[in-house]
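Subject: Structure for you to look over

Dear colleague,

I am passing on the structure that I promised you, and below it I set out what was found. Please read the notes with the model open beside them.

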Amino acid sequence: MTALIAFVVMMSLAGLSLLANRAAANGADAAARARLIERINDLLPQTQCGRCTFAGCRPYATALAEGSADINQCPPGGDNTAEALAKLLGRPPKSVDPQFGVMPPVPMIAWIDEPACIGCTKCIQACPVDAIVGAQRHMHTVIAADCTGCELCIPPCPVDCIEMRPATTSATEVLGASRPHVLSG
Amino acid sequence: MRFPTAAPPHVVVPQTVSKVMRIVIYALLPTIAVHVVFFGPGLLIQSILAIATALATEALALHLRKKSLQQYLTDGTAIVTALLLALCLPPLAPWWLVVSGTAFAILVAKHAFGGVGMNVFNPAMVGYAVLLVSFPAQLLTWLPPDVPELRTEQLSFLQTATTILTGQLPDAFTWDAITSPTPLDALRTNLAMGMTMQEAHASPIFGGFGGRGWEWINLATLIGGIALLALRIIRWQIPVAMLGSLAVCASIMYAIDPGAYAGPVFHLTSGASMLGAFFIATDPVSAATSDRGRLIYASGIGVLTYTIRTWGGYPDGVAFAVLLMNLAVPLIDRYTVPRIYGHAKRP
Amino acid sequence: MVRGSSARGGLRLEAHKERSTRDPIGMAAAPSTAVLPLDQHAGGAAVPIVAVGDTVAIGQPIAEPAADTSAWLHAPISGRIVAIEPRASVTRACAPALSIVIDNDGREMRHSSARAIEDFLSLEPRELREHIGRGGIVGLGGAAFPSLAKLERGAQASAPTLLINGAECEPYISCDAMLMRERPHDVVHGARILMHALQAQECVIALEDDAPRAADALRAAIAQTENGRIRVQVVPTIYPSGGERQLIASVFGREVPFDGLPPDIDILCHNVGTAAATARWVRDGEPLVSRIVTITGDGVARACNLEVRLGTPISQLIAECGGYTPRVERLLMGGTMMGMALSTDEVAVVKATNCIVAASALDLEPRRREMPCIRCGNCAEVCPAFLLPQQLHVYARATDLDGLERYGLMDCIECGCCDYVCPSQIPLVERFREAKPRLATHLLARDNARAARLRFEERTARLQRLEAEQRQRLEEKRRQARRKDA
């Protein structure tokens, strides 16, 4: 008798956890789905570049939650992000598909050749993270710290005065970002 | 002038895994000695067989895994596993019992999981559990202790060796005449037959505290265990929590019905209580990680040991209790990560 | 560390300080050539303000602070600048670092423009802090963090407590103990200056219980100043009680938040050497051009503490101490627990050089062959940051950055206690040092991603708002037009 009760209890626990897992992966109701989209979006690099064929990171996260996109579509996130997405969504892990783009070997950021810039603001309108400052008929320049390397500003420039250059991150910046006390006495 | 460089720290304690294992083996010697005094030389032969099997199977596994025999064969961990398993087996058990159990422990419980430092379960207990489930009859045929009240014919060293290696007793003996259950086993049987605790304890197989002979073995193990604590090879959390929870469970049930349940002193000095508390549950690889986790882990072992001994299907529950809590270790670890300096909450 | 509710872990180690503390502090000879790396402090490297061929005097500023956290550098000898070029430097583990090289003209000319301020209380705290910075003062406990930046941060706290760190916990190093024993007035005067610069209410000078003469000397010096706001506190001699966070926990029973600094709990910590250097600069007008260095170890004939000019080659110091013994095997800058092994002695003393150990087999205990972790937990027992090094080891091997973050890799102070006690002889500190930059880069990328997302979302909201306003205006116009028509 006790064996039967124990068996029933164990099977119910197993069944419940399976159900919970299913619900998390499929977003059984709207609130759960919204939470899932948030969790997916948190894993994405927020480059908003559109390489995944969606109009930004949140649309991609939404598609992933609905199951209409695969986990290997984000080159800026790389294999680390693909693996994290696989873990979150319970899908088999895979490498980023090169058809969505191949990242350069070092991180790149946009740079404007200021003498050549004509002040048309087309790149400013294209930048999804407000990393370019400037105004009509005034000099444009890229704020290096804010540029995510999405390259959306390159095509619109009518005079081709904007290009990608390797980013430089100092060791101090890296250490300072993670633990300020590492640099203290 | 130029110098060779090295990374700091430039001094480390000259401690090695093999040194630690050596101290554990020395601490087991009192247990082995008292065991031989009461139950004859069978344990010594079992130990030799176990150690030989352990080293041979370890060498085989290391060779298959392309690891350095010279480094890993000499780390002493296989010998400790072998000794612990031999201590759990009846002294007259046939040779193939200890050999198959040790081989399983080393090949499956240890190397199939990744070798030293990677075993999820306590290898000696896995070996014992496999033997117990597969060959229950052989594992429950113990000898009576060599005390005046139970004087039966004792086998000589040569006769013991022959029995173990051939599985046959010498002509002058029969199995019924020379074997007897362990005190824990006898207690279960007697209680099941309707005797009260006092009536069951009247049998000469029970001594002052626990089972005759067994209480001295447990005492010797306690001494070895205290030595390990003093040398800081093990820490107090696991032995104290296991023995403590075992004693608490026993006290509660004994208080409820002294006629049906054995008291804490009996439980602490019977079976593999001390061996489990100081030598088996303390296997650091399969135990919980943090101090608080170890308290929970060892308390669980104590409770499960009492439960299996009292209501379960086997006379001694230490082996299965340890294996069940080994299963629970990842969960325990997940929720007992200590708070880090400067953080408000636990990770 | 058993004092305070928050001090745990640590090791009792043999001090090995008797040899080097037998004789009083000596004066090392000035070097014939001084090599001064420009990056000998934390933060941005200093920028030269002299050129090759210039003649400089002792105490003359030769490099100014760079834009971010940085410090002044002054000439320790008088003579000619012969080069500004990369030279082997302890700041880069004996690889080349841009350095100013001065040839000593032997005339010991002193720079005249430094002012000696007797009454520092007449200065505003902010003035005093800036003045301290101009002396090239950096933390002399080993990290060489620019003191001006530290003081500015400390001044943000309200009525902070000043902690002067004399708890020299690492074996072999005795320069701070000798400083406190022989020059306690410098230390106390420096403490008073720093208190005024910070507007601190009280000051605690902490040291270990194995330096009773130093404690007595400090107490006598404090009594002479009749300053009731400075006191001495003795802590148990446990390594690493001198770690800033561990000392604060030990002395005050409070913990510095992991994502903050001591000023966040109204405490600021400075090394005793820093305090003494501050006194020499403010009171006597002598900027930081020399420091006390312990030379010790079985690999050197005589062990002692010397006051050494910056830029002195270590080979010269060894020669002044009688040269190497034939048993010498390794040369360490620092102590035996955290010291850096130098590949050559032809490198110069910098502001962070507190000790040189010429180590023989007697001083060293090298690691044996590494075994897998057996999860014994010795490491967790001794960790002063309350970490689980066995878990960090597992995650470092797997490069599991989430696991490393969760188990607090960045909270590791690299003291080496875990490494020291490991029976599997695992080089834990090395593994953690390898993993830290990887985790730091990952955390930086994550911070940048979060900031980028905020900018994107704000931009999206702004564009939507502009569009909505545009539509509203159009609607208004259409309505007005319709009204006109009607």
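At roughly what angle do the axes of helix H3 (residues 175-182) and helix H5 (residues 212-225) of chain C cross? Before the answer, please note that this is a predicted model, in which local features need pLDDT of at least 70 and side-chain atom pairs count only at pLDDT 80 or more, while totals for chains, interfaces and linings use all residues. Residues are numbered from 1 along each chain as its sequence is written, and chains are lettered from A and ligands numbered from 1 in the order in which they are written.

The axes of H3(C) and H5(C) cross at roughly 40° and come within 7 Å, where axes are lines fitted to C-alpha atoms, for helices over the stretch in contact, and angles run from 0 to 180 degrees between N-to-C directions. H3(C) is therefore oblique to H5(C), since angles under 35 degrees count as roughly parallel, over 145 as roughly antiparallel, 65 to 115 as roughly perpendicular and the rest as oblique. Helices (H or I, at least four residues) and strands (E, at least two) are DSSP runs, numbered from the N terminus. C:Ala177, C:Met180 and C:Arg181 of H3(C) make the contact with C:Arg213, C:Ala214, C:Ala217 and C:Leu218 of H5(C), a contact meaning that C-beta atoms, placed from the backbone, lie within 7 Å.

In chain B, the axes of helix H5 (residues 95-110) and helix H6 (residues 123-134) come within 8 Å and cross at roughly 130°, which makes H5(B) oblique to H6(B). Among the residues that meet there are B:Phe104 and B:Ile106 in H5(B) and B:Tyr128 and B:Leu131 in H6(B).

Chain C also holds an open sheet of 3 strands in the order S3-S5-S6, with antiparallel pairing; two strands pair if DSSP finds at least two bridges between them. The edge strands, S3 (47-48) and S6 (73-74) of chain C, each pair on one side only. S3(C) pairs with S5(C) (residues 61-64) over 2 bridges, and C:Pro48 stands opposite C:Ala63 in S5(C).

Finally, the contact between chains C and B takes 52 residues from chain C and 36 residues from chain B. On the side of chain C that touches chain B, the elements that each supply at least two residues include helix H10 (389-398) and helix H13 (428-485) of chain C.

Definitions and conventions: Contact = placed C-beta atoms within 7 Å.
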